[in-house]
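Please open the structure in your viewer and keep the sequence panel beside it. The tour below goes stop by stop, saying what to select and what is there.

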Amino acid sequence: MKTPPPLSSLRVIESSILGPAAITTALADLGADVIKVESPSGDYIREMTWPIIEGISLMHYHLNRGKKSITLDLKHEAAREVYRELVRGADVVIEASKPGALARYGLGYEDLRQINPKIVFCTVSGYGMTGPYKDMPSHGIAYDTWSGVVKPAYDEEGFCYIPEHVGIGINAAPLFGGLAVLAGVIRARETGQGCFMELAQSDAAAAFDWYRSESHMAYARPENVVTGNKADNYVRRPVATAGMKEGVRYQLYDSADGHVLFMASEQAFWKNFCAGVGRIDLFEKWPGSKYADHARGNRELQAILRDIFRSRTTREWLDFGVAFNTPIAPVNTPANIVDDPQFKDRFRVLPHERHGADMLGFPVKFIGEPEADPERAPTVGEHTAAVLNEVLGYDAARVAELRQRGALG
(Lines give C-alpha, C1' and ligand atoms only; values in the text may rest on other atoms or scores of the structure.)
Protein backbone atom coordinates (compact mmCIF):
# COMPACT_ATOMS: atom_id res chain seq x y z
CA MET A 1 0.00 0.00 0.00
CA LYS A 2 1.38 3.39 -1.01
CA THR A 3 2.11 5.72 1.90
CA PRO A 4 0.19 9.00 1.50
CA PRO A 5 2.06 12.31 1.74
CA PRO A 6 2.52 13.51 5.34
CA LEU A 7 -0.02 16.34 5.07
CA SER A 8 -2.51 14.68 2.73
CA SER A 9 -5.29 15.20 5.29
CA LEU A 10 -4.70 18.95 5.53
CA ARG A 11 -6.73 21.45 3.52
CA VAL A 12 -5.67 25.10 3.38
CA ILE A 13 -7.62 28.01 1.92
CA GLU A 14 -5.14 30.70 1.00
CA SER A 15 -5.86 34.31 0.13
CA SER A 16 -2.44 35.71 -0.67
CA ILE A 17 -0.63 38.38 -2.62
CA LEU A 18 3.09 38.30 -3.43
CA GLY A 19 5.79 36.87 -1.15
CA PRO A 20 3.75 35.97 1.96
CA ALA A 21 2.34 33.08 -0.10
CA ALA A 22 5.55 31.29 0.89
CA ILE A 23 3.94 30.29 4.19
CA THR A 24 2.09 27.43 2.47
CA THR A 25 4.70 26.35 -0.09
CA ALA A 26 6.22 23.75 2.22
CA LEU A 27 2.75 22.57 3.25
CA ALA A 28 1.90 21.97 -0.41
CA ASP A 29 5.25 20.20 -0.88
CA LEU A 30 4.28 17.85 1.94
CA GLY A 31 0.96 16.97 0.35
CA ALA A 32 -1.48 19.50 1.78
CA ASP A 33 -4.38 20.52 -0.44
CA VAL A 34 -3.68 24.25 -0.77
CA ILE A 35 -6.42 26.13 -2.59
CA LYS A 36 -5.26 29.60 -3.56
CA VAL A 37 -8.29 31.87 -3.85
CA GLU A 38 -7.48 34.70 -6.25
CA SER A 39 -9.34 37.73 -7.51
CA PRO A 40 -10.35 37.48 -11.18
CA SER A 41 -7.29 39.54 -12.12
CA GLY A 42 -5.02 37.17 -10.20
CA ASP A 43 -2.09 37.62 -7.87
CA TYR A 44 0.32 39.98 -9.63
CA ILE A 45 3.25 38.01 -8.24
CA ARG A 46 3.32 36.51 -11.74
CA GLU A 47 4.64 39.85 -13.02
CA MET A 48 6.95 40.80 -10.14
CA THR A 49 10.71 40.42 -9.71
CA TRP A 50 13.03 38.62 -12.10
CA PRO A 51 13.91 36.32 -13.83
CA ILE A 52 10.78 36.17 -15.98
CA ILE A 53 10.30 32.75 -17.57
CA GLU A 54 8.00 32.67 -20.59
CA GLY A 55 6.17 35.71 -19.24
CA ILE A 56 5.83 34.43 -15.66
CA SER A 57 8.04 35.32 -12.71
CA LEU A 58 10.29 32.73 -11.14
CA MET A 59 8.89 33.80 -7.76
CA HIS A 60 5.42 32.61 -8.75
CA TYR A 61 6.72 29.28 -10.04
CA HIS A 62 8.64 28.82 -6.80
CA LEU A 63 6.18 30.00 -4.14
CA ASN A 64 2.93 28.74 -5.61
CA ARG A 65 3.96 25.33 -6.87
CA GLY A 66 1.68 22.50 -5.92
CA LYS A 67 -1.27 24.79 -5.20
CA LYS A 68 -4.66 24.97 -6.89
CA SER A 69 -5.98 28.30 -8.11
CA ILE A 70 -9.63 29.27 -7.99
CA THR A 71 -10.96 32.72 -8.85
CA LEU A 72 -13.66 34.29 -6.70
CA ASP A 73 -14.82 37.88 -6.94
CA LEU A 74 -15.55 38.48 -3.27
CA LYS A 75 -17.47 41.65 -4.05
CA HIS A 76 -20.34 39.29 -4.88
CA GLU A 77 -22.25 37.52 -2.10
CA ALA A 78 -22.43 34.37 -4.22
CA ALA A 79 -18.61 34.26 -4.24
CA ARG A 80 -18.45 34.87 -0.49
CA GLU A 81 -20.80 31.94 0.05
CA VAL A 82 -18.51 29.70 -1.99
CA TYR A 83 -15.61 30.86 0.20
CA ARG A 84 -17.56 29.94 3.34
CA GLU A 85 -18.34 26.51 1.93
CA LEU A 86 -14.66 25.94 1.21
CA VAL A 87 -13.82 26.90 4.79
CA ARG A 88 -16.39 24.48 6.21
CA GLY A 89 -14.27 21.56 5.07
CA ALA A 90 -10.85 23.15 5.63
CA ASP A 91 -8.33 23.13 8.45
CA VAL A 92 -6.56 26.43 7.79
CA VAL A 93 -7.24 29.84 6.30
CA ILE A 94 -4.24 31.95 5.34
CA GLU A 95 -4.72 35.68 4.91
CA ALA A 96 -1.38 36.66 3.39
CA SER A 97 -2.03 40.30 2.62
CA LYS A 98 -3.10 43.30 4.67
CA PRO A 99 -4.61 42.19 8.01
CA GLY A 100 -8.38 42.46 7.94
CA ALA A 101 -8.66 42.08 4.17
CA LEU A 102 -11.00 39.11 4.53
CA ALA A 103 -12.94 40.63 7.45
CA ARG A 104 -14.02 43.46 5.15
CA TYR A 105 -15.94 40.86 3.19
CA GLY A 106 -17.41 39.24 6.29
CA LEU A 107 -14.83 36.43 6.07
CA GLY A 108 -12.60 37.23 9.04
CA TYR A 109 -11.79 34.81 11.81
CA GLU A 110 -14.82 35.66 13.94
CA ASP A 111 -17.06 35.12 10.92
CA LEU A 112 -15.47 31.87 9.79
CA ARG A 113 -15.24 30.26 13.22
CA GLN A 114 -19.04 30.38 13.34
CA ILE A 115 -19.19 27.90 10.47
CA ASN A 116 -16.04 25.94 11.37
CA PRO A 117 -15.00 26.16 15.05
CA LYS A 118 -11.82 24.17 14.32
CA ILE A 119 -10.50 26.59 11.73
CA VAL A 120 -6.94 27.85 12.22
CA PHE A 121 -6.78 31.37 10.83
CA CYS A 122 -3.36 32.94 10.22
CA THR A 123 -2.87 36.43 8.90
CA VAL A 124 0.58 37.17 7.47
CA SER A 125 1.70 40.72 6.79
CA GLY A 126 4.71 42.99 6.73
CA TYR A 127 4.71 44.65 10.16
CA GLY A 128 1.78 42.84 11.76
CA MET A 129 -1.54 44.03 13.19
CA THR A 130 -0.20 46.37 15.85
CA GLY A 131 2.49 48.98 16.38
CA PRO A 132 3.26 52.31 14.73
CA TYR A 133 4.39 50.65 11.47
CA LYS A 134 1.31 48.45 10.96
CA ASP A 135 -0.15 50.62 8.17
CA MET A 136 3.11 51.30 6.33
CA PRO A 137 3.28 49.85 2.79
CA SER A 138 6.40 47.77 2.25
CA HIS A 139 8.19 45.01 0.37
CA GLY A 140 10.28 42.07 1.57
CA ILE A 141 13.61 43.88 1.83
CA ALA A 142 12.05 46.31 4.31
CA TYR A 143 11.97 43.64 7.00
CA ASP A 144 15.67 42.93 6.48
CA THR A 145 16.63 46.60 6.79
CA TRP A 146 14.28 47.03 9.76
CA SER A 147 15.74 44.07 11.62
CA GLY A 148 19.34 45.14 11.09
CA VAL A 149 20.24 42.37 8.66
CA VAL A 150 21.28 44.66 5.79
CA LYS A 151 24.26 46.97 6.10
CA PRO A 152 24.00 49.92 3.66
CA ALA A 153 26.68 49.98 0.96
CA TYR A 154 28.11 52.85 -1.10
CA ASP A 155 29.20 52.89 -4.72
CA GLU A 156 32.26 54.59 -6.20
CA GLU A 157 30.32 57.86 -6.57
CA GLY A 158 29.23 57.85 -2.95
CA PHE A 159 25.61 56.86 -3.57
CA CYS A 160 24.04 54.50 -1.04
CA TYR A 161 22.59 51.25 -2.40
CA ILE A 162 21.07 47.92 -1.35
CA PRO A 163 23.87 45.33 -1.17
CA GLU A 164 23.41 41.73 -2.18
CA HIS A 165 22.20 39.78 0.83
CA VAL A 166 20.16 36.77 1.86
CA GLY A 167 16.48 37.70 2.22
CA ILE A 168 15.61 36.89 5.82
CA GLY A 169 12.04 38.07 6.51
CA ILE A 170 10.49 36.52 3.42
CA ASN A 171 12.22 33.19 4.15
CA ALA A 172 12.00 33.11 7.95
CA ALA A 173 8.28 33.91 8.13
CA PRO A 174 7.21 30.67 6.38
CA LEU A 175 9.33 28.63 8.81
CA PHE A 176 7.82 30.19 11.92
CA GLY A 177 4.37 30.45 10.37
CA GLY A 178 4.23 26.92 9.01
CA LEU A 179 5.29 25.51 12.37
CA ALA A 180 2.69 27.58 14.22
CA VAL A 181 -0.08 26.67 11.77
CA LEU A 182 0.58 22.95 12.17
CA ALA A 183 0.69 23.36 15.95
CA GLY A 184 -2.68 25.08 15.76
CA VAL A 185 -4.13 22.28 13.63
CA ILE A 186 -2.88 19.57 15.99
CA ARG A 187 -4.52 21.33 18.94
CA ALA A 188 -7.72 21.97 16.99
CA ARG A 189 -8.02 18.28 16.11
CA GLU A 190 -7.54 17.38 19.78
CA THR A 191 -9.82 20.02 21.30
CA GLY A 192 -12.22 21.02 18.53
CA GLN A 193 -11.16 24.66 18.92
CA GLY A 194 -9.28 26.58 16.28
CA CYS A 195 -7.39 29.83 16.78
CA PHE A 196 -6.49 33.17 15.27
CA MET A 197 -2.79 33.84 14.86
CA GLU A 198 -0.88 36.65 13.22
CA LEU A 199 2.62 36.74 11.82
CA ALA A 200 4.72 39.74 10.78
CA GLN A 201 7.55 39.15 8.34
CA SER A 202 9.48 41.84 10.21
CA ASP A 203 9.06 39.91 13.47
CA ALA A 204 10.32 36.76 11.77
CA ALA A 205 13.41 38.56 10.46
CA ALA A 206 14.22 39.92 13.92
CA ALA A 207 13.68 36.52 15.56
CA PHE A 208 15.75 34.69 12.95
CA ASP A 209 18.71 36.98 13.57
CA TRP A 210 18.16 37.17 17.34
CA TYR A 211 21.71 36.14 18.28
CA ARG A 212 23.37 39.26 16.95
CA SER A 213 20.80 41.59 18.51
CA GLU A 214 20.88 39.74 21.80
CA SER A 215 24.68 39.86 21.80
CA HIS A 216 24.57 43.65 21.59
CA MET A 217 22.10 43.66 24.48
CA ALA A 218 24.47 41.46 26.47
CA TYR A 219 27.39 43.80 25.84
CA ALA A 220 25.30 46.67 27.18
CA ARG A 221 25.59 45.07 30.61
CA PRO A 222 28.63 45.66 32.89
CA GLU A 223 31.99 44.45 31.59
CA ASN A 224 32.65 42.44 34.74
CA VAL A 225 29.46 40.46 34.04
CA VAL A 226 29.58 39.99 30.26
CA THR A 227 32.98 39.37 28.70
CA GLY A 228 34.58 37.93 25.59
CA ASN A 229 35.96 34.40 25.32
CA LYS A 230 38.60 32.99 27.66
CA ALA A 231 40.84 32.06 24.70
CA ASP A 232 40.77 35.70 23.60
CA ASN A 233 41.71 37.23 26.97
CA TYR A 234 38.04 38.01 27.56
CA VAL A 235 38.14 40.96 25.12
CA ARG A 236 34.61 41.99 24.10
CA ARG A 237 34.90 41.54 20.35
CA PRO A 238 32.22 42.57 17.79
CA VAL A 239 29.31 40.18 17.83
CA ALA A 240 28.88 37.08 15.65
CA THR A 241 30.82 36.98 12.37
CA ALA A 242 31.67 40.70 12.64
CA GLY A 243 34.30 39.60 15.13
CA MET A 244 35.92 37.15 12.70
CA LYS A 245 37.91 39.57 10.55
CA GLU A 246 41.11 39.15 12.57
CA GLY A 247 40.76 35.37 12.92
CA VAL A 248 43.58 33.17 11.62
CA ARG A 249 42.83 29.61 12.66
CA TYR A 250 39.19 30.25 11.80
CA GLN A 251 39.22 32.04 8.46
CA LEU A 252 38.71 31.94 4.69
CA TYR A 253 41.75 31.13 2.56
CA ASP A 254 42.51 30.96 -1.15
CA SER A 255 42.97 27.43 -2.45
CA ALA A 256 44.68 26.64 -5.74
CA ASP A 257 41.35 26.91 -7.58
CA GLY A 258 38.94 28.73 -5.28
CA HIS A 259 38.47 29.23 -1.55
CA VAL A 260 38.12 27.13 1.59
CA LEU A 261 36.93 27.85 5.11
CA PHE A 262 39.44 26.73 7.75
CA MET A 263 37.89 26.06 11.19
CA ALA A 264 40.61 24.80 13.54
CA SER A 265 39.51 26.80 16.56
CA GLU A 266 39.84 23.75 18.84
CA GLN A 267 43.41 22.91 19.81
CA ALA A 268 42.98 19.24 18.83
CA PHE A 269 41.92 20.18 15.28
CA TRP A 270 44.81 22.63 15.00
CA LYS A 271 47.29 19.92 16.00
CA ASN A 272 45.75 17.50 13.47
CA PHE A 273 46.16 20.06 10.72
CA CYS A 274 49.77 20.87 11.55
CA ALA A 275 50.66 17.18 11.65
CA GLY A 276 48.82 16.53 8.40
CA VAL A 277 50.69 19.19 6.42
CA GLY A 278 54.02 18.21 7.99
CA ARG A 279 54.34 21.45 9.95
CA ILE A 280 54.09 20.33 13.58
CA ASP A 281 56.48 23.19 14.27
CA LEU A 282 53.56 25.56 13.81
CA PHE A 283 51.68 23.84 16.61
CA GLU A 284 54.73 23.85 18.85
CA LYS A 285 55.25 27.58 18.28
CA TRP A 286 51.58 28.57 18.54
CA PRO A 287 49.70 25.79 20.40
CA GLY A 288 46.90 28.10 21.48
CA SER A 289 44.28 27.25 24.10
CA LYS A 290 41.96 24.25 24.18
CA TYR A 291 38.78 25.80 22.78
CA ALA A 292 37.67 28.76 20.63
CA ASP A 293 41.20 29.96 19.85
CA HIS A 294 41.31 31.72 16.48
CA ALA A 295 44.93 32.96 16.81
CA ARG A 296 43.43 36.37 16.29
CA GLY A 297 45.72 38.97 14.70
CA ASN A 298 48.69 36.59 14.23
CA ARG A 299 49.75 37.90 10.82
CA GLU A 300 52.91 35.83 10.75
CA LEU A 301 50.90 32.62 11.07
CA GLN A 302 48.25 33.90 8.66
CA ALA A 303 50.85 34.49 5.94
CA ILE A 304 52.20 30.96 6.39
CA LEU A 305 48.71 29.46 6.21
CA ARG A 306 47.91 31.56 3.14
CA ASP A 307 50.81 29.95 1.29
CA ILE A 308 49.95 26.47 2.56
CA PHE A 309 46.32 26.64 1.43
CA ARG A 310 47.27 27.96 -2.00
CA SER A 311 49.30 24.79 -2.57
CA ARG A 312 46.28 22.48 -3.00
CA THR A 313 42.90 22.55 -4.71
CA THR A 314 39.65 22.86 -2.81
CA ARG A 315 38.88 19.20 -3.48
CA GLU A 316 42.29 18.17 -2.12
CA TRP A 317 41.72 20.20 1.03
CA LEU A 318 38.31 18.62 1.59
CA ASP A 319 39.87 15.16 1.30
CA PHE A 320 42.61 16.30 3.67
CA GLY A 321 40.02 17.39 6.23
CA VAL A 322 38.47 13.93 6.28
CA ALA A 323 41.82 12.13 6.36
CA PHE A 324 43.25 14.25 9.20
CA ASN A 325 40.04 15.12 11.10
CA THR A 326 40.27 18.85 10.45
CA PRO A 327 37.19 21.03 9.78
CA ILE A 328 37.59 22.48 6.28
CA ALA A 329 34.63 23.50 4.13
CA PRO A 330 34.18 24.57 0.51
CA VAL A 331 33.15 28.14 -0.30
CA ASN A 332 30.44 28.06 -2.97
CA THR A 333 28.36 30.76 -4.62
CA PRO A 334 24.65 30.79 -5.50
CA ALA A 335 25.75 30.19 -9.10
CA ASN A 336 27.99 27.16 -8.58
CA ILE A 337 26.49 25.34 -5.59
CA VAL A 338 24.54 23.10 -8.00
CA ASP A 339 27.88 21.65 -9.12
CA ASP A 340 28.94 20.71 -5.60
CA PRO A 341 29.00 16.90 -5.11
CA GLN A 342 27.33 17.15 -1.69
CA PHE A 343 24.53 19.20 -3.21
CA LYS A 344 24.12 16.71 -6.04
CA ASP A 345 23.85 13.85 -3.55
CA ARG A 346 21.35 15.58 -1.29
CA PHE A 347 19.02 17.33 -3.72
CA ARG A 348 16.94 16.39 -6.69
CA VAL A 349 16.33 19.52 -8.71
CA LEU A 350 12.73 19.86 -9.87
CA PRO A 351 13.22 20.34 -13.64
CA HIS A 352 11.89 23.36 -15.48
CA GLU A 353 10.36 21.15 -18.16
CA ARG A 354 7.77 20.04 -15.59
CA HIS A 355 7.76 22.85 -13.04
CA GLY A 356 8.43 25.97 -15.11
CA ALA A 357 11.72 26.63 -13.29
CA ASP A 358 14.55 24.54 -11.87
CA MET A 359 13.71 24.46 -8.17
CA LEU A 360 14.57 22.56 -5.03
CA GLY A 361 11.97 20.42 -3.39
CA PHE A 362 11.31 20.18 0.34
CA PRO A 363 14.69 19.65 2.07
CA VAL A 364 13.61 17.21 4.80
CA LYS A 365 13.70 13.59 3.69
CA PHE A 366 11.19 11.00 4.83
CA ILE A 367 13.26 7.82 4.84
CA GLY A 368 11.83 5.05 2.72
CA GLU A 369 9.33 7.36 1.01
CA PRO A 370 9.54 9.06 -2.39
CA GLU A 371 10.44 12.73 -2.51
CA ALA A 372 7.62 15.20 -3.01
CA ASP A 373 6.95 16.15 -6.62
CA PRO A 374 4.65 19.17 -6.50
CA GLU A 375 2.60 20.26 -9.46
CA ARG A 376 3.54 23.32 -11.50
CA ALA A 377 2.38 26.69 -10.09
CA PRO A 378 -1.12 27.40 -11.40
CA THR A 379 -2.39 29.91 -13.87
CA VAL A 380 -5.10 32.26 -12.59
CA GLY A 381 -8.23 30.24 -11.85
CA GLU A 382 -6.83 27.10 -13.44
CA HIS A 383 -8.58 24.81 -10.96
CA THR A 384 -11.81 26.75 -10.41
CA ALA A 385 -14.15 24.20 -11.97
CA ALA A 386 -12.25 21.22 -10.55
CA VAL A 387 -12.25 22.59 -6.98
CA LEU A 388 -15.92 23.47 -7.09
CA ASN A 389 -16.75 20.01 -8.40
CA GLU A 390 -14.36 17.84 -6.39
CA VAL A 391 -14.33 19.76 -3.10
CA LEU A 392 -17.85 21.19 -2.96
CA GLY A 393 -19.68 18.80 -5.27
CA TYR A 394 -20.99 21.48 -7.62
CA ASP A 395 -22.15 20.20 -10.99
CA ALA A 396 -21.45 21.97 -14.29
CA ALA A 397 -24.76 23.83 -14.18
CA ARG A 398 -24.01 25.27 -10.73
CA VAL A 399 -20.56 26.38 -11.85
CA ALA A 400 -22.03 27.98 -14.96
CA GLU A 401 -24.58 29.80 -12.84
CA LEU A 402 -21.90 31.19 -10.55
CA ARG A 403 -19.90 32.34 -13.52
CA GLN A 404 -22.94 34.03 -15.02
CA ARG A 405 -23.60 35.86 -11.74
CA GLY A 406 -20.05 37.21 -11.73
CA ALA A 407 -18.92 35.26 -8.66
CA LEU A 408 -15.99 33.70 -10.52
CA GLY A 409 -14.99 36.81 -12.42
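Is Cys 195 buried or exposed? Select Cys 195 to begin: its relative accessibility is 13%, so Cys 195 counts as buried. Bear in mind throughout that this is a predicted model.

**Stop 1: the cysteines**

A disulfide would need two cysteine sulfur atoms within 2.5 Å. The structure as a whole has zero disulfides. Now select Cys 160, which is partly exposed because its relative accessibility is 47%.

**Stop 2: the whole chain**

Zoom out and show the chain as a cartoon. Its secondary structure amounts to 16 helices and 15 strands. Taken along the principal axes, the C-alpha atoms fill a box of roughly 85 × 55 × 50 Å. The chain has 409 residues, and 41% of them count as buried. Among contacts between residues at least 6 apart in sequence, 65% join residues at least 24 apart.

Glu 81 sits in helix α3 and is partly exposed, at a relative accessible area of 28%.

**Stop 3: the nonpolar cores**

Select Leu 10, Val 92, Ile 94 and Val 181. These residues have the most contacts inside the largest nonpolar core, which has 31 residues. At least two residues of this core come from each of α1, β6, β7 (120-125), α5 (140-146), α6 (169-191), β10 (195-200) and α7 (201-208). The largest share, five residues, is supplied by α6.

Show the surroundings of Leu 10. Beyond residues up to four places away in sequence, Leu 10 touches Leu 27, Ala 32, Asp 33, Asp 91, Val 92, Leu 182, Val 185 and Arg 189. Apart from this core lies another, of 28 residues; Ile 13, Leu 107, Leu 112 and Ile 119 are among them.

**Stop 4**

**Stop 5: two aspartates**

Select Asp 91, in the loop between α3 (77-88) and β6 (92-96). Asp 91 is buried because its relative accessibility is 15%, under the 20% cut-off. Its side chain makes a polar contact of 3.3 Å with the side chain of Arg 189. Apart from neighbours within four places in sequence, Asp 91 is in contact with Ser 9, Leu 10, Arg 11, Lys 118, Ile 119, Val 120, Val 185 and Arg 189.

Move on to Asp 29. Which side chain does that of Asp 29 join in a polar contact? The partner is Arg 65, at 2.7 Å. Asp 29 belongs to helix α1 (residues 25-29) and is buried, with a relative accessible area of 7%. Leaving out residues up to four places away in sequence, Asp 29 touches Arg 65, Gly 361, Phe 362, Ala 372 and Pro 374.

**Stop 6: backbone details**

Most residues other than glycine have a negative phi, and most peptide bonds are trans. The following places depart from that pattern.

- Select Trp 50 and Pro 51: the peptide bond from Trp 50 to Pro 51 is cis, with omega near 5°. Pro 51 is in the loop between β2 (33-38) and β3 (52-53).
- Select Glu 54: its phi is positive, near 50°. Glu 54 lies in the loop between β3 and β4 (56-57), and it is exposed, at 72% relative accessibility.
- Select Tyr 234: here phi is also positive, near 65°. Tyr 234 is in the loop between α8 (210-219) and β11 (250-254) and is partly exposed, at a relative accessible area of 46%.

Methods
Residues are numbered from 1 along each chain as its sequence is written. This is a predicted model: local features need pLDDT of at least 70, side-chain atom pairs count only at pLDDT 80 or more; totals for chains, interfaces and linings use all residues. Side-chain values use heavy atoms; hydrogens and water are left out. Helices (H or I, at least four residues) and strands (E, at least two) are DSSP runs, numbered from the N terminus. Buried means under 20% relative accessible area, exposed over 50%, partly exposed in between (1.4 Å probe, protein chains only). A polar contact is a pair of N or O atoms within 3.5 Å; within protein, one must be able to donate a hydrogen and the other to accept it, and residues adjacent in sequence count only if both atoms are side-chain atoms. Contact means heavy atoms within 4.5 Å. A nonpolar core is a set of buried Ala, Val, Leu, Ile, Met, Phe, Trp, Tyr and Cys residues joined through side-chain atoms within 4.5 Å.
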